[in-house]
Amino acid sequence: MPSVEAGDRPTKSSPTLATGDSRRLLRIEGLSKRFGNFTAVDRLSLDIYTGEFFALLGPSGCGKTTLLRLIAGFERPNAGRIVLDGVDLAPVPPHRRPVNMMFQSYALFPHLTVEANVAFGLKQEGLPRGEIAGRVADMLALVKLESLGTRKPSELSGGQRQRVALARCLVKRPRVLLLDEPLAALDKKLRDSTRFELMELQRHLGLTFVIVTHDQSEAMIVADRIGVMDRGRLMQVAAPDEIYERPNSRWVADFIGDINLFEGRVGDDRLSVEGTAAGRLRVAAPIEAEPRTPVWIAVRPERIRLSRDKPPEPENCVSGTIVEIGYLGDLSIYHVRIADGSRVKAAVANTGGNGGYSPRAAESVWLSFAPEAPIVLTR
Amino acid sequence: MKNQPGSLWQRFTLAFPYAWLVAFFLVPFLIVLKISFSQGAIALPPYRPVLDLTAGWRGIEMFLAGLSLDNYRLLGSDSLYLLSYLKSLQIAAFSTLILLIIGYPIAYGMARTPRRLQAVLVVLVMLPFWTSFLIRIYAWMNILQRDGPLNELLMALHVVSTPPVWLATDTAIYIGIVYSYLPFMVLPLYAVLEKLDESLLEAAADLGCPRWKTFWLVTIPLSSPGVLAGVLLCLIPIVGEFVIPDLLGGSRAPMIGQTIWMEFFGNKDWPAASAVAVVLVCLLVTPIVLFQHLAMRSEERS
């Protein structure tokens, strides 16, 4: 998948986003939720900071939506605490929590107009009519729906409905806005543009967003930090570039983007891994593991070079035969079978560069990568 | 629907419901309407004039000259008819209200039950239909008797010291009607409540709405098509109900169904019975048509 260039990704985290205790908004401690025998959320702890755009990313069924529903109060945890602004939310029913949720289905009230949908939450607060009308009008203008206020949800397009759902939550000025797969129902073109609108809105309003998604490029684009979830647990919590460049486990490395893994043992100099399918592999920085312990060398496909002749460097190269070529337009993915029968994926940008070298299927090629390219994983 | 009825099959499927209505509603109604303008007679059929097409144009002229509004004048002159209409409307309105109050929580509870149990509950609601309606009303006659099970229970529980009279009262009519019509109220309500998207209720809670208010602001408005269907399905047949008031109610203040029966079988006055029936149909159809019209208008405006 990734069309994200890994090497020179600008860090998005705004400089004001400190992660100290003072800016901690939401604290989740040892949270567990079981449905019968199934553990949806498993002793999960997480801090979310004021003003951040946090993405919960994971395969379907990993518990990310359940976590969101626990924060909103629609599910009650079996164990653990959720603390918002220093207040334990356990005794607070959903309608009293200062968080709002945008549902995957949008859950717009079909019998109410767009305006009435957006005003619904403010009316519950018992605000004066004039203020409600003003805030609703401002919010509809912000999401560019001012001309559709008197329509019913059934008379709107999917993209417009999505905006109404967003406006209905935002107008409440929640301490935390929870978004459950907010873009999943949109078609690809609209999804791409809406991602950036979502980021702009979040920055403009200075709110804290927690988004749930199974789409990793979505998480990478919108989020300041990503929490990668699997089977009810957080596997890694870090900025998008860090998750991609320095995954902490084979699972995360494999889940985010594409990866080639070579298993071997740490060399005595701690700067090499021996006995892999590609022989002895060198790395640039000392490995933080005892010699002889098993580790995995992980290399992203776009970090692997493809050449007809053996590269001049004696290490980090292996020969193989091309089995398949996936043409994606901007780049091509080459599947190369190496001596031990395993496949290595190499992504080559179709820039007309690479010396005009574009090998065909069944051709023999050399694969190589720089010692700086791989990630060493110990689990 | 934008597609024109093109194929023969499409035309047939469109024409079929209309043909059905013409054959089994419009034609019988026109016959009744015609009889209502006739005069009673000791003959076969027991009214005049009878349309004699063999006499040609003159036959039609004779027939038209024989028609009169006398039966409708009769309805106005005797307060029995007005009182029966009012009693029918009153019983229908109150029992429909009671049905709604009892039926809504039942339907709501059914819709909130785990899905695999819902089918069982639907069958249970319809279970009374497996026994003849008449037998069930006879059972109620037995239950409501002076020394019947209901009074025995009330005496045993010391709720009353002397057995109250149930039969031949309006209370008995209400009991019979509410019991018999409950499935017609519950099923349409269940059908809409079962489809109600639960995330809408969660969204309302999320936006700061407590449960009771969500019920009022979201559940009730969204179930209004079911409420309307249930109310119409109960109200209309109850107005014309004959068996239940005849068996459980008294004879002093008859409902309109009993009045029609009396005219028809007691007095053998087909024209008067027809006039009563025609007025009843107009009484029921006019508000429905009016309501439909208003609903369509407001739909178009939005």
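Biologist: How many of the eleven residues of helix H2 (residues 114-124) of chain A are buried?

Modeller: This is a predicted model, in which local features need pLDDT of at least 70, side-chain atom pairs count only at pLDDT 80 or more, and totals for chains, interfaces and linings use all residues. Residues are numbered from 1 along each chain as its sequence is written, while chains are lettered from A and ligands numbered from 1 in the order in which they are written. Helix H2 of chain A is largely enclosed by the rest of the structure, because the number of its buried residues is eight of eleven.

Biologist: What does buried stand for, and which residues of H2(A) are buried?

Modeller: A residue is buried if 20 or more other C-beta atoms, placed from the backbone, lie within 10 Å of its own; it is exposed if 12 or fewer do, and partly exposed in between. Helices (H or I, at least four residues) and strands (E, at least two) are DSSP runs, numbered from the N terminus. The buried residues of H2(A) are Val114(A), Glu115(A), Asn117(A), Val118(A), Ala119(A), Phe120(A), Gly121(A) and Leu122(A).

Biologist: Which helices are included in what covers the buried residues of H2(A)?

Modeller: H2(A) is followed by Gly126(A), with a positive phi near 70°. The cover of the buried residues includes helix H3 (129-142) and helix H4 (158-170) of chain A.

Biologist: Which strands stand at the edges of the open sheet of chain A?

Modeller: The sheet has four strands in the order S2-S1-S4-S5 (chain A), with antiparallel pairing; two strands pair if DSSP finds at least two bridges between them. An edge strand has a single partner strand, so one side of it is left without a neighbour in the sheet; this applies to strand S2 (38-49) and strand S5 (87-88) of chain A.

Biologist: What is the bridge partner of Val83(A) in S5(A)?

Modeller: Strand S4 (residues 79-84) of chain A is joined to S5(A) by two bridges, and the two run antiparallel. In S5(A), Val83(A) is bridged to Asp88(A).

Biologist: Which helix supplies the largest share of the side of chain B that touches chain A?

Modeller: 18 residues of chain A are in contact with 15 residues of chain B, contact being C-beta atoms, placed from the backbone, within 7 Å. Helix H9 (198-206) and helix H10 (211-222) of chain B each supply at least two residues of chain B's side. The largest share, six residues, comes from H9(B).

Technical notes
Contact = placed C-beta atoms within 7 Å.
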